[in-house]
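User: I would like to go through the terms used for this chain and see what each one rests on. Please set each value against its cut-off.

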Amino acid sequence: MNFPSSTITDLFKIKYPIIQAGMIWVSGAKLASASANAGCLGILGAGSMKPDLLREQIKSAIRDTDRPLAVNIPLLYELAPEQIQVALDEGIKIFFTSAGSPKKFTTKLKDQGCTVVHVTSSPELALKCQDAGVDAVVAEGFEAGGHNGRDELTTMVLIPQVVDAVSIPVIAAGGIGDGRTMAAALALGASAVQMGTRFMMTGESSAHKNYKDLLVSTKSNSTQLSLKELVPVRLIKNHFFQLINKAEEAGASKEELIKILSKGRAKMGMFEGDLSEGELEAGQICGLINDLPSVADMVKGLLAEYQQTLSLFK
Ligand SMILES: Cc1cc2nc3c(=O)[nH]c(=O)nc-3n(C[C@H](O)[C@H](O)[C@H](O)COP(=O)(O)O)c2cc1C
């Protein structure tokens, strides 16, 4: 198969330049090992796991694949240092850090012989990541599911600017969900793609069945960015979304917003399937996706479509 760059496949020793995104409540051992076995980089989303659970999930993923695995550590949670230690103890060598300063843990992880990737939403932050010594950056556009940058740069404009700004490899994320969008991202200069919503919509993700079924019927306008003042996050527009939006519009303080969120809303929605009161993170690409295949079938179909797209330019 023909890819414009092998920097990321060489860096992670994977077959395809496809990264299964780390996602709270969604990317556990089953998804990460299935993604690794399909030739992608599988990432365990540590953000929603207490250290003991993370340890168990890493062990389970390692049992199910002999391919490289990574862990995503969102730095906004206070358990981040413990999660990093657990992952190191269990032999993880690839870390995707996000939602915090790239300076915080990069040196420590590099000193332990790890490969470090940090998530960025602007060329300026990408430069800071490079200065902090990371091996690659994920450049994530405004379309993306989950937490998002405040600058509202879409993937189409973000990727070429980040590629021009840094000399390390760039992984494109946000709005990539099929072979056409993957080809577009690589044409913009990315060395690989990271997909969240597409991998969430597979049999192996741990999103609740109610949520997966809802995602199949979502449309192009089913999501919107919320919590812009606190931590911008792209959500499905359900009752919880209306609640938090109304509170923001009414001038709720950060503390009041945190109080609403701290009722375990993300777990309630994505993991337990309460589609009304729970927080439902998803990217704009959910409107394009209307199936729930296995990871292996999804990757196979995506690569066939990628090849077909390339043939348009011959
Ligand atoms: C349900 C969900 C949970 C996510 N959780 C995290 C997370 O814990 N850490 C993180 O760095 N990014 C998280 N993200 C963002 C993804 O890692 C990825 O960059 C993003 O989904 C890419 O955009 P896409 O959804 O359009 O593919 C999450 C995304 C989704 C959809």
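User: Why is lysine 13 called exposed?

Analyst: This is a predicted model. Lysine 13 has a relative accessibility of 65%, and exposed means over 50%, so lysine 13 counts as exposed. Lysine 13 sits in the loop between helix 1 (7-12) and strand 1.

User: What makes glutamate 82 partly exposed?

Analyst: Its relative accessible area is 44%, and partly exposed covers what lies between buried, under 20%, and exposed, over 50%. Glutamate 82 is part of helix 4 (residues 80-89). Proline 51 is 31 residues from glutamate 82 in sequence, with 6.5 Å between the two C-alpha atoms.

User: How do you know that glutamine 20 is buried?

Analyst: The relative accessibility of glutamine 20 is 0%; the cut-off for buried is under 20%, so glutamine 20 is buried. Glutamine 20 lies in strand 1 (residues 18-20).

User: Which residues does glutamine 20 touch, leaving out those up to four places away in sequence?

Analyst: Glutamine 20 touches Ser27, Leu31, Ala32, Ser35, Leu41, Gly42, Ile43, Met195 and Phe199. Glycine 196 is 176 residues from glutamine 20 in sequence, yet their C-alpha atoms are 6.4 Å apart.

User: Why is serine 122 called buried?

Analyst: Serine 122 has a relative accessible area of 7%. Buried means under 20%, so the label applies to serine 122. Serine 122 is in the loop between strand 5 and helix 6, and touches Asp151, Leu153, Leu158 and Val162, not counting residues up to four places away in sequence. Threonine 107 is 15 residues from serine 122 in sequence and 22 Å from it in space, C-alpha to C-alpha.

User: Which residues of helix 6 are buried, and what do they pack against?

Analyst: Pro123, Ala126, Cys129 and Ala132 are the buried residues in helix 6 (residues 123-132). They pack against helix 5 (106-111), strand 5 (115-120), strand 6 (136-140) and helix 7 (155-165). After helix 6 comes glycine 133, with a positive phi near 100°.

User: How do you know where the buried residues of helix 10 lie around its axis?

Analyst: In helix 10 (residues 209-216), the buried residues are Tyr211, Lys212 and Leu215. Viewed down the axis, they fall within an arc of 100°, so they line one face of helix 10. Their cover includes helix 9 (197-200), strand 11 (233-236) and helix 13 (265-271).

User: What arc do the buried residues of helix 11 cover?

Analyst: The buried residues in helix 11 (residues 239-249) are Phe240, Phe241, Ile244, Asn245 and Ala247. Their arc around the axis is only 160°, which puts them on the same side of helix 11. Lys246 and Glu249 are exposed on the other side. The cover over the buried residues of helix 11 includes strand 10 (223-226), strand 11, helix 12 (254-261) and helix 13.

User: How much of the chain is buried, and how far apart in sequence are the residues in contact?

Analyst: Of the 314 residues, 56% are buried. Among contacts between residues at least 6 apart in sequence, 62% join residues at least 24 apart.

Key
Residues numbered from 1 in each chain as written. Predicted model: local features only at pLDDT ≥ 70, side-chain atom pairs only at ≥ 80, totals over all residues. Heavy atoms only, no water. Buried < 20%, exposed > 50% of the residue type's maximum accessible area, 1.4 Å probe, protein only. Contact = heavy atoms within 4.5 Å. Helix = DSSP H or I, 4+ residues; strand = E, 2+ residues; numbered from the N terminus. Arc of directions from axis to C-beta.
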